[in-house]
Amino acid sequence: MKAIQWHDTHITILNQQALPHKTEYLELKHIEDVWDAIVTLKVRGAPAIGMTAAYGLALAAQSYETDDLATFHTELKRDRDYLASSRPTAVNLFWALDRLTKSVANATSVNEAKTTLIHEAICMQIEDEDVCRRIGEHALSLFQDGDRIMTICNAGAIATARYGTALAPFHLAKEKGITLHAYACETRPVLQGARLTAWELSEAGVDVTLITDNMAAQTMKAKHISAVIVGADRIAANGDTANKIGTFGLAILAKAFNIPFYVAAPLSTIDLQTKTGDDIPIEERAKEEVTHIGGVRIAPDVNVYNPAFDVTPHELITGIITEKGIIFGDYETKLPTLFEEVLA
Ligand SMILES: CSC[C@H]1O[C@H](OP(=O)(O)O)[C@H](O)[C@@H]1O
């Protein structure tokens, strides 16, 4: 079963909060269920958030009772804004909702618009699988058989339609009989590396070693890590990249050890409207994510700072890997070219 699946009356998602203890699927029947699933990280990962929100908007629109197109668009805008309020950092959420809204701009009837929304959301999921495979192929060209590669959080198959972004080369290497060793940082506070990446890669038969976040420097040195590869939630026009908290620290360490540091992400994660990393909104989450692990208190009730993401400055990024290929440096000039249509 896919991590996200459209059904005519509901959306099924793999509950990422239950992993690795339970492989559980949830049925989202109302727009509020979709919003809640995104906020509570039952579905997470930039492309997965975008796809789920797109399906959520298509689902909500099916219940509009009006036959009037202007009223339909007003209700759609209301629901688009509601879903957009779920999480602020991953630009894929806004990209997906806006793509869906635009797809019905010229609809000639409410029924046509309702069908188009479903069709567009399904297309996005089909496209994402292809995009992730391409990212994986490009990323794999950077690595050698036997390489030991560090990653953080989960930018894997369960965060996308399939394959993942930063984890795509591991899945493809496995398919092709190439051995890549993954070193997964556990990724406090909510442990997406330990709970999700370690689970996903081991289920796929990829060799994965789990480390706590504060073991990264020692591991780079002792285990001769050849590269770091991470996903992204938003890439600004100058290449500054927001990703899971801890990514910035890994990039600094990678520079200290002279190890290449790669960001793998689809074009839908690149936000040319956001000029630099300083302009990326960073989500701050509940203090309980830090003071508790698995519902058990591990710290007294003190002040907590819990940013979900940090921004890695572009100068620390060796290359950005997209479905259109890899760009190395000078991101401000090169990122816009990725959006140019290839003229035959
Ligand atoms: C391909 S997933 C991108 C991104 O999503 C993660 O964030 P979250 O789990 O909070 O949704 C993480 O930063 C991944 O790299």
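This briefing describes the domains, ligand shell, sheet and selected backbone features of one structure. The model is predicted: local features require pLDDT of at least 70, side-chain atom pairs count only at pLDDT 80 or more, and totals for chains, interfaces and linings use all residues. Residues are numbered from 1 along each chain as its sequence is written. The protein chain is assigned domain 1 (4-131) and domain 2 (141-337), with bounds from an automatic or database domain assignment. Each of these domains supplies at least three residues to the shell around the ligand.

**Domain arrangement**

- The centres of domain 1 and domain 2, taken over C-alpha atoms, are separated by 25 Å.
- Contact between the domains involves 23 residues of domain 1 and 25 residues of domain 2; two residues are in contact if their C-beta atoms, placed from the backbone, lie within 7 Å.
- On the side of domain 1 that touches domain 2, helix 2, helix 4 (91-103) and helix 5 (110-140) each provide at least two residues. Helices (H or I, at least four residues) and strands (E, at least two) are DSSP runs, numbered from the N terminus.
- Helix 2 gives the largest share of that side, five residues.
- By residue class, the side of domain 1 that touches domain 2 has 13 nonpolar, six polar and four charged residues. Ala, Val, Leu, Ile, Met, Phe, Trp, Tyr, Cys and Pro count as nonpolar, Asp, Glu, Lys and Arg as charged, and the others, Gly among them, as polar.

**Ligand shell and annotated positions**

- There are 17 residues around the ligand, of which R44, G45, A155, G231 and K244 come nearest; a residue is near a molecule or strand if its C-beta atom, placed from the backbone, lies within 6 Å of it.
- The elements giving two or more residues to this shell are helix 2 (46-62) and strand 9 (241-244).
- Eight nonpolar, six polar and three charged residues make up the shell around the ligand.
- An unreviewed UniProt entry lists R44, G45, A46, R87, Q192, N243 and K244 under "binding site". UniProt positions are given in the numbering used here, feature names are shortened, and annotations may be inferred rather than shown by experiment.
- N243 belongs to strand 9 and is buried, because 29 other C-beta atoms lie within 10 Å. The cut-offs are 20 or more other C-beta atoms within 10 Å of a residue's own for buried, 12 or fewer for exposed, and partly exposed in between, with C-beta atoms placed from the backbone.
- Leaving aside residues up to four places away in sequence, N243 touches V230, G231, A232, D233, F309 and T312.
- K244 also lies in strand 9 and counts as buried, because it has 26 other C-beta atoms within 10 Å.
- With residues up to four places away in sequence not counted, the contacts of K244 are I152, C153, T187, Q192 and F309.

- An open sheet of four strands has the order 11-8-9-14, with mixed pairing; two strands pair if DSSP finds at least two bridges between them.
- Strand 11 (270-271) and strand 14 (309-312) each have a single partner strand and stand at the edges, so one side of each lacks a neighbour in the sheet.
- Strand 9 and strand 14 run antiparallel and are joined by four bridges; T241 has T312 in strand 14 as its bridge partner.
- I235 is located in strand 8 (residues 234-236) and is classed as buried because it has 30 C-beta neighbours inside 10 Å.
- Beyond residues up to four places away in sequence, I235 touches T241, V263, A265, T269, I270, D271 and I320.
- The C-alpha atoms of I235 and G246 are 16 Å apart, the two residues being 11 residues apart along the chain.

**Backbone features in loops**

- L19 and P20 are joined by a cis peptide bond with omega near 5°; P20 is in the loop between strand 2 (11-14) and strand 3 (25-28).
- The peptide bond between R188 and P189 is cis, with omega about 10°, and P189 lies in the loop between strand 5 (181-185) and helix 7 (192-203).
- Y163, a residue other than glycine, has a positive phi near 70° and lies in the loop between strand 4 (148-151) and helix 6 (168-176). Y163 counts as buried because it has 24 C-beta neighbours inside 10 Å.
- N258, which is not a glycine, has a positive phi of about 60° and lies in the loop between helix 9 (247-256) and strand 10 (261-264). N258 counts as exposed because it has 7 C-beta neighbours inside 10 Å.
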